[in-house]
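User: Please walk me through reading this model, one feature at a time. I would like the general idea, then the case at hand.

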Amino acid sequence: MEKCHLIVDSCCDLPAELFDREDVTLLKFPYIMEGETLDDDLFQSTTPSDFYGKIREGAEPSTAQLSVPQLKAAFETAADAGIPTVYLSFSSGLSGSYDVAMLVRDEVLAAHPGFELYVVDTKLASVAEGILVYEALRQMDNGLTAEELAQWAEEARYFVDCEFMVEDLDALRRGGRIPASVAVAGAALDVKPLLSIDTEGKLQLVGVARGRKKGIRALAECFAKNVDADMQPPFAVLGDADCPKDMHRLKDLISKEDPGTIFIESSIGPVIGSHVGAGMLAVVFWGSDKREKLSVADRIARRVKGDR
């Protein structure tokens, strides 16, 4: 019998074939394109070029949270099977779906006393969430129980390092993911914004680059400077929003520094793509503990809030 069942969501932006297994359930976030509500199925029913082509032509897709019926169906199916289950959720800093999942979890556990169901806020998004999910699959295959896997994820999420470049910040501004003032400043400077994800699972602007070529080099340098030196061979997840030539250039730059680096290449899916627009490029890897990089003021604030 399975020791653990894993539920993941499509905001992890990993290749769909990774989830073609009985012990994994994929929850598909909805998005709305040109008045039609569709499922983010990791590009099984459309292609990156079709989706981002519409954005380049002026389409402005929007997104929605996972619904209560979606979450309830997944959790109750797991409860009926009696297999301890972990759900690795898209960042609460960018979506309300985690909060909804917690409410549904409490309802399901009340109806199924003794069932093990753990909901983990990954505090990550897109391929940054994806690298955590990818490693969680490996840890599950290595025999971690559901409780152990949840505990592992709650610690491991702080060791995921990432940096990504977007064409501009307007799509993120429209979706409320960054302040309007930051978007306006970025447009005025005519630069390529470089972003990351902080310890609360929110986006943060970490730099700018004058043009895409310099931005790609900045991503490669971020990997070289911050990747976990003890991980051999080095491992990186690369994600692109319909700019495969740029992803191959990034891969080449990283490989020149360390030819042994192992890569997973993936497309940024429709839900994340609705907010970042065409042209996003990301590099994700295992690095040092992000909590150690907090300023003194932020560390004090976390202590006041009761966070570790």
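Analyst: Let's start with the elements: helices (H or I, at least four residues) and strands (E, at least two) are DSSP runs, numbered from the N terminus. By that count, the protein chain has eleven helices and 13 strands. The model is predicted, with local features needing pLDDT of at least 70 and side-chain atom pairs pLDDT 80 or more, while totals for chains, interfaces and linings use all residues. Residues are numbered from 1 along each chain as its sequence is written, and side-chain values use heavy atoms, leaving out hydrogens and water.

User: What percentage of the residues count as buried?

Analyst: Buried means under 20% relative accessible area, exposed over 50%, and partly exposed in between (1.4 Å probe, protein chains only). Here 52% of the 308 residues are buried.

User: Which residues of helix α1 are buried, and what covers them?

Analyst: In α1, residues 48–56, the buried ones are P48, F51, Y52, G53 and I55. Their cover includes β3 (30–33), β12 (262–267) and α10 (270–276). After α1 comes G58, with a positive phi near 115°.

User: How many salt bridges does the structure hold?

Analyst: Side chains of opposite charge can pair when their charged atoms come close. With a salt bridge taken as a side-chain nitrogen of Lys or Arg within 4 Å of a carboxyl oxygen of Asp or Glu, the structure holds 15. One of them pairs E34 with K54 at 4.0 Å, N to O. That pair links distant parts of the chain, from the loop between β3 and β4 to helix α1, 20 residues apart. K54 is partly exposed at 35%.

User: Which residue forms a salt bridge with R56?

Analyst: D242 does, with the closest N and O atoms 2.6 Å apart. D242 lies in the loop between β11 and α9 and R56 in helix α1, so the pair ties together parts 186 residues apart in sequence. R56 is partly exposed, at 49%.

User: Where on the surface does positive charge gather?

Analyst: Patches are made of residues with over 30% relative accessible area and no salt bridge; like charges are joined within 9 Å, and nonpolar side chains (Val, Leu, Ile, Met, Phe, Trp, Tyr) within 5 Å. Areas come from the Shrake-Rupley method with a 1.4 Å probe, only the protein chains shown counting as cover for residues. Lys and Arg count as positive, Asp and Glu as negative, with His and the chain ends not counted; charges are placed at NZ of Lys, CZ of Arg, CG of Asp or CD of Glu. The positive patch gathers R210, K213, K214, R217, R249 and K256. Elements giving two or more residues to the patch are α8 (212–226) and α9 (244–257). The largest share, three residues, comes from α8. R249 lies in α9 and is partly exposed at 33%.

Conventions: Contact means heavy atoms within 4.5 Å.
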